[in-house]
Amino acid sequence: MPQAAHITVLDGPDVWMEGEALQQLERVAAHPACVRAAGMPDLHPGPGTPIGATVALRGTLWPALLGGDLGCGVKLFGVPKVKHRGDALLRRMDAEWADAPLAHIDPGLLLEAVWTRGPAGLRDLSDVPDSLRAFAELEHPELDPVGPTPPAHFAQQLGTVGGGNHFLELARVHERVDSDRADRVGLRRGGYAVLAHSGSRALGKHLAGRWGGIQLPEDEADAWLADVRGAVSYARANRLVLCWRMLRAAGVARPAKVAGSIDLSHNTVERADLSDGPAWLHRKGSAPAHAGQLTVVLGSRGAPTWVMAGTGSEACLCSVAHGAGRKLDRARTIALVKHRHKRSSLRHTALGGRVMCDDTDALYAEHPDAYKAIEPVVAALESAGAATRVASLHPVLTVKR
């Protein structure tokens, strides 16, 4: 376990962590610019740097700490009722995925709109479907400057889930621990939530390649920060389109049918005022949890997702785990799950949900067996004083396409 005084690891008696992940955290924290590092209970090894960590650097910014999926995060809509469920929902989602609702829009105009103004930019395009435009009109436009608009072909992935642990989901409200806060975001008893976990898709990878493994003095980082803002704006728009597609399949794609929302980025950087001075918080697979902020800790497709309320704990760098975290890499998971489970069984979950996925390897690789149990992760966050429970959500339909 890390011993350096400026490292905090949010663990617990039932939280399992790989030694390699802790070693990666120690190596990052040994950087001369690192003033604080927090490993979340979902900490696991990444390609050189850990996933599930927040790192505070002073005077330096380090693009590689954010990885290639800039702006990755989660959007949640609280939905009191849905019109379509069961087989009808599956049929409508199949039809939804056979369509490409933004394909007829000029890709250059589309990319510029979401790169510069985020989801609010969709309202400025004449060919956006009316129901999507209505949701975009509720979004606040991004005002901070962004970098030069990337090539137009990246617009083609807007409204798509992506690979890995990304997903689109309809979930049912299961348990409400903090009713007042649950009501604030529309998580009502017997109601539903639509969640999209995705990011900037190939655009983020493109930007990561542009900046490589360099580290930037604070006074030379404006261009990278502008690219990050653009990628976050794109990712937020991507999640809105994804949620709208699920809402449309469920027959509730109107703002009047939803009762609240959350949008979080957990692969990004922000300036923070710590007790000993300002620093740059680099979040890689960790969600913000400022005081009173509603945040989301994602379960696997067979485990609950928890909405929590942040406490603003500086010891935890105002962060929580973004999910349960992997305990097995994808290759090992595929080998084990193929041996233990029939393929037909993978389209149903232990909590009664259904799964739509056209990639057999992805069905195996993202099986719940690959992930840590969610309950010890959430308990560790509460024990550390990072956040408190608000409501749990059980998956009804999980889409990985």
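Strand 5 (residues 73–79) and strand 7 (residues 192–198) run antiparallel and are joined by 7 bridges; strands, at least two residues of DSSP type E, and helices, at least four of type H or I, are numbered from the N terminus, and two strands pair if DSSP finds at least two bridges between them. The model is predicted, and local features need pLDDT of at least 70, side-chain atom pairs count only at pLDDT 80 or more, and totals for chains, interfaces and linings use all residues. Residues are numbered from 1 along each chain as its sequence is written, and side-chain values use heavy atoms, with hydrogens and water left out.

**Strand 5 and its partners**

- Val74 has His197 as its bridge partner in strand 7.
- Strand 5 also pairs with strand 9 (residues 260–265) in the antiparallel sense, over 6 bridges, and there Leu76 stands opposite Ile262.
- Because 7 of the 7 residues of strand 5 are buried, this strand is largely enclosed by the rest of the structure; buried means under 20% relative accessible area with a 1.4 Å probe, protein chains only.
- Gly73, Lys75, Phe77 and Val79 point one way from strand 5, while Val74, Leu76 and Gly78 point the other way.
- In a regular strand the side chains alternate between the two faces of the sheet.

**Helices 6 and 7**

- Helix 6 (residues 201–211) packs with helix 7 (residues 222–249) at an angle of about 170°, their axes 10 Å apart; axes are lines fitted to C-alpha atoms over the stretch in contact, and angles run from 0 to 180 degrees between N-to-C directions.
- The two helices are therefore roughly antiparallel, a term for angles over 145 degrees.
- The contact (heavy atoms within 4.5 Å) includes Leu203 and Trp211 of helix 6 and Trp224 and Tyr234 of helix 7.

- An open sheet of 5 strands has the order 1-2-3-11-10, with mixed pairing.
- Its edge strands are strand 1 (7–9) and strand 10 (267–274).
- Strand 3 (residues 51–57) and strand 11 (residues 277–284) run antiparallel, joined by 5 bridges, and Val55 has His282 as its bridge partner.

Methods
Angles under 35 degrees count as roughly parallel, over 145 as roughly antiparallel, 65 to 115 as roughly perpendicular and the rest as oblique. Buried means under 20% relative accessible area, exposed over 50%, partly exposed in between (1.4 Å probe, protein chains only).
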